[in-house]
Structure formats: structure tokens, C-alpha cells
Amino acid sequence: RSLRRDEKLANGTCDRHRRIMALVYTSAQRYGLLPRGDEHNPFTGVRCRIVSDYEAMIITPAQAFAIWSRLREPENVLLLLAASTGLRISECLGLQWADVNFAAQLIRIRRSWTGGKIGRPKTASSRAAVPCGPVLSRYLQGWCETSPYSQDGDWIFPSFRNKGKTPRVANMLCSDHLRPAAIAAGVLKEDQDVRFGFHTMRHSLASFLVGRGENPTVVQKLLRHSNVTTTLGIYSHAPNQDRLTAQGDLMTAFFASVLGHQNEAGEEGG
């Protein structure tokens with residue numbers, strides 16, 4: 001509770017802390033540093049919520065375009081990359097030019113950039129390549145020709161302050177560019193207290209594709225989830241209009257028999 005209250009850690013992070021500490025005590029018991037038995041492992045009885053508190057804000061392609069059109073290069077290229085591939089912002093920032101194969105129309109995910117450090121992709125599934133279609137390729141190639149750091153080993157989105165030695169910083173990109181553009185586009189209100197960032201594009205992509213009837217497995221592979229349940233249960237969100245339409249279809253079917261009887265009665269009366 002204190003991790004959630006004081007450190008503002010998410011449910012999943014708290015649960016990982018719990019599991020790590022349980023392993024520490026189990027290892028100590030295994031090597032005789034502590035007595036064996038569950039009563040000597042204080043984490044045996046600890047329970048954590050693992051359901052995420054994150055509530056994604058979903059935007060439409062038209063809204064994404066309105067935001068994109070208010071960004072300059074290379075921020076607009078970054079947004080287009082995130083919106084069309086579903087890459088996490090850490091994966092976008094971890095890209096180097098050698099990772100993009102324009103001929104094969106693929107982008108290979110080899111690393112991530114989080115907290116000022118190079119890391120591995122989140123999961124084994126996250127290392128799968130993502131498609132790079134003609135439109136995305138055109139904008140990436142245009143930025144490659146403009147960027148002063150365009151060699152194979154250079155970052156695609158380099159920090160100019162650090163002379164290209166490191167990628168940009170995600171939270172500054174959001175606060176300085178993405179969020180102001182969303183406010184200017186009318187997607188966000190100035191004082192609106194909502195979690196909005198590049199991860200919004202990942203949720204929005206999944207919701208758009210699932211909503212239009214795309215094969216869930218295709219969406220799963222695009223987002224590089226290890227399980228389709230994650231794609232459908234967490235990343236796809238039905239817009240209210242779609243839910244209203246679905247409810248309307250149900251009500252039509254629900255009252256179909258009543259309407260049918262009324263029509264029959266009317267015909268008999270006539």
C-alpha cells in the first residue's frame with residue numbers, strides 16, 4: 001500500500017516487487033539462511049492487485065491527423081511512426097537508421113531507450129519486426145535526408161543538445177510537442193486532467209483495427225503481444241458510438257418478435 005500511496009507505483013510494478021522479494025526469502029530458505037516453511041516467508045500471504053489502473057484515452061485517425069498536422073519535423077515523423085506501427089515510445093526512440101530496411105519494408109526492434117539507458121525490448125514478442133509501408137517510408141526517408149545524423153549507427157530521433165549521442169527524452173517530447181499540438185487541435189482541453197501521450201497511439205491503433213473487424217491475430221502480431229487476450233482485453237476499446245450501435249442492434253432484435261405480432265394483428269384487423 002505504501003508503494004502505491006507514496007511512490008505512486010502501478011499495480012503491476014507493486015506485484016513485481018512482491019514476487020522478487022518472495023524469491024529472495026525462498027532463496028534464503030533454500031540455502032539455510034532462514035528456517036524453511038511458509039511461516040518464515042512473510043511474502044507468502046501478501047496479495048497484490050495486478051489489474052492496471054491505466055485508462056487509455058482513445059482518439060480517432062482524424063484526431064491523430066489533426067495533431068500530426070500541427071507538429072514539425074521530426075516530431076511529426078515520430079508521431080506517424082507510433083500511430084501506424086503501434087511501437088512503444090521507448091522502442092521508437094531506440095531505433096537507429098540501420099534498423100530500417102526500406103527495401104524489405106520492415107523495421108527491426110533491437111533495443112529500447114528508457115530512463116536515459118539503452119535496454120532490451122519489453123518481451124521476446126516485442127523483438128518482432130514491424131511493417132514500414134510506402135507512406136511511412138517516405139516520411140522516414142525525408143527525415144533521413146534532412147537529419148544531420150543519418151548514418152547507420154545514428155539514432156533516428158537524436159538529441160541535438162547531446163550532439164546526436166543519445167536519443168530524445170520521451171516525457172519532454174510529450175510535454176513540449178505532443179500535448180500542445182493536441183490542445184491546439186482541440187483533442188485535449190488546456191486544463192484537462194487525462195493521461196495522454198504516445199502510448200495513446202498504441203491503444204488507438206488497436207481499437208481502430210478491432211473496431212473495423214480486423215482479424216484479432218493480425219492486430220496481435222502488429223502490436224507484438226505474446227497473447228491475443230492482451231490485445232483484446234487491454235488494448236482494444238470500443239468507442240461509445242460503436243457501443244450505441246451494438247445496443248441498438250440488440251434492441252431491434254429484442255423487439256422483433258413484438259413488432260412481428262403487432263404487424264400480424266394489424267393485418268388481421270385490416
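Analyst: Helices (H or I, at least four residues) and strands (E, at least two) are DSSP runs, numbered from the N terminus. In this predicted model, local features need pLDDT of at least 70 and side-chain atom pairs count only at pLDDT 80 or more, whereas totals for chains, interfaces and linings use all residues. Residues are numbered from 1 along each chain as its sequence is written, and side-chain values use heavy atoms, with hydrogens and water left out. Phe208 lies in helix α8 (residues 199–211), and the protein chain has twelve helices and five strands.

User: How should I read the packing of α3 and α4?

Analyst: Two packed helices are described by the angle between their axes and the distance between the axes. Axes are lines fitted to C-alpha atoms, for helices over the stretch in contact (heavy atoms within 4.5 Å), and angles run from 0 to 180 degrees between N-to-C directions. Helix α3 (residues 61–68) and helix α4 (residues 75–85) pack at about 160°, with axes 10 Å apart, so they are roughly antiparallel, a term for angles over 145 degrees.

User: Which residues make the contact?

Analyst: Ala64, Ile67 and Trp68 of α3 meet Asn76, Leu79 and Leu80 of α4.

Technical notes: Angles under 35 degrees count as roughly parallel, over 145 as roughly antiparallel, 65 to 115 as roughly perpendicular and the rest as oblique.
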